[in-house]
Amino acid sequence: MIDGDMIDGDPHDEIGQLEGQIEALAETIEGCRKIALVAKLAMAGGALLVLAMLVGAIRTDIASLSGATAAVQGGIVLLGSNRSTADQALAKMKKAEARRADLIDRLELRSVGGGLARRDP
């Protein structure tokens with residue numbers, strides 16, 4: 001419903017749907033942040049392992065070198081694809097927020113004097 005206007009329907013319902021979408025997209029973006037952290041840790045761990053092999057701190061063998069290389073490359077791939085997902089979710093979230101703001105602006109809201117409703121005795 002983000003891309004089109006509601007023709008027949010309650011704008012309050014659409015606003016509610018948009019808020020649900022915005023919340024889901026925010027959770028997706030947060031998940032992407034966590035995955036990005038894991039990807040960076042994998043890259044750093046792989047790089048440290050390679051560095052340790054180069055300085056002779058650990059014995060260099062094919063298994064260690066393969067694992068370190070896989071960690072670095074896997075982290076790079078994961079970070080790149082995750083970044084794309086996060087960017088797409090952020091763009092969708094901004095679009096939904098703009099649509100929600102537009103719908104709210106179109107509502108005929110009544111202003112309550114002074115921001116608080118008062119009851120006369």
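The expected span of a helix is 1.5 Å times one less than its number of residues. Keep that rule at hand for the two helices below. This is a predicted model, in which local features need pLDDT of at least 70 and side-chain atom pairs count only at pLDDT 80 or more, while totals for chains, interfaces and linings use all residues. Residues are numbered from 1 along each chain as its sequence is written, and side-chain values use heavy atoms, with hydrogens and water left out.

**Stop 1: the whole chain**

Show the protein chain as a cartoon. It has two helices and zero strands. Helices (H or I, at least four residues) and strands (E, at least two) are DSSP runs, numbered from the N terminus.

The accessible surface comes to about 8900 Å², and 59% of it belongs to carbon and sulfur atoms. Areas are from the Shrake-Rupley method with a 1.4 Å probe; for residues, only the protein chains shown count as cover. Of the 121 residues in the chain, 20% are buried. Buried means under 20% relative accessible area, exposed over 50%, and partly exposed in between (1.4 Å probe, protein chains only).

Contacts come next, counted when heavy atoms lie within 4.5 Å. Take those with a separation of 6 or more: 77% join residues 24 or more positions apart.

**Stop 2**

Select residues 11–55, which are helix α1. This helix has 45 residues. From first C-alpha to last, α1 reaches 65 Å, close to the 66 Å expected at 1.5 Å a residue. Step just past α1 to G56, where phi is positive, about 85 degrees.

Select 62–106 for α2. Why does the length of α2 agree with expectation? Its 45 residues should span 66 Å at 1.5 Å a residue, and its end C-alpha atoms are 65 Å apart.

Colour the buried residues of α2: A68, G75, N82, A86, A89, M93, A96, R99 and L103. What covers these residues includes α1.

**Stop 3: the core**

Select I15, L18, I22, L25, I29, A89, M93, A96, L103 and L107. These ten residues are the largest nonpolar core. Such a core is a set of buried Ala, Val, Leu, Ile, Met, Phe, Trp, Tyr and Cys residues joined through side-chain atoms within 4.5 Å. Both α1 and α2 supply at least two residues of this core. The most come from α1, with five.

Zoom to M93, in helix α2. M93 counts as buried because its relative accessibility is 14%. Which residues does M93 touch, leaving aside its neighbours within four places in sequence? They are I22, L25, A26 and I29.

Move along to L103. With neighbours within four places in sequence left aside, L103 is in contact with P11, E14, I15 and L18.

**Stop 4: salt bridges**

Here a salt bridge is a side-chain nitrogen of Lys or Arg within 4 Å of a carboxyl oxygen of Asp or Glu. The count comes to four.

Select E14 and R99. Their side chains meet in a salt bridge at 3.0 Å, N to O. The pair links distant parts of the chain: E14 is in helix α1 and R99 in helix α2, 85 residues apart. Are E14 and R99 buried or exposed? E14 is buried, at 0% relative accessibility. R99 is buried too, at 8%.

Next, R106 and D102. Their salt bridge is 3.0 Å, N to O. Both lie in helix α2, four residues apart, about one turn of the helix. R106 is exposed at 52% relative accessible area, and D102 is partly exposed at 29%. Salt bridges that share partners join E14, R99, D102 and R106 into one network.

Jump to E30 and R33. Their side chains form a salt bridge of 3.3 Å, N to O. Both are in helix α1, three residues apart, about one turn of the helix. An α-helix has 3.6 residues a turn, so residues three or four places apart point the same way. E30 is partly exposed at 37% relative accessibility; R33 is exposed at 54%.

**Stop 5: a nonpolar patch**

Finish with L48, L51, L54 and V55. They form a nonpolar patch on the surface, with about 460 Å² of accessible area together. Patches are made of residues with over 30% relative accessible area and no salt bridge; like charges are joined within 9 Å, nonpolar side chains (Val, Leu, Ile, Met, Phe, Trp, Tyr) within 5 Å. L51 is found in helix α1. With a relative accessible area of 47%, L51 is partly exposed.
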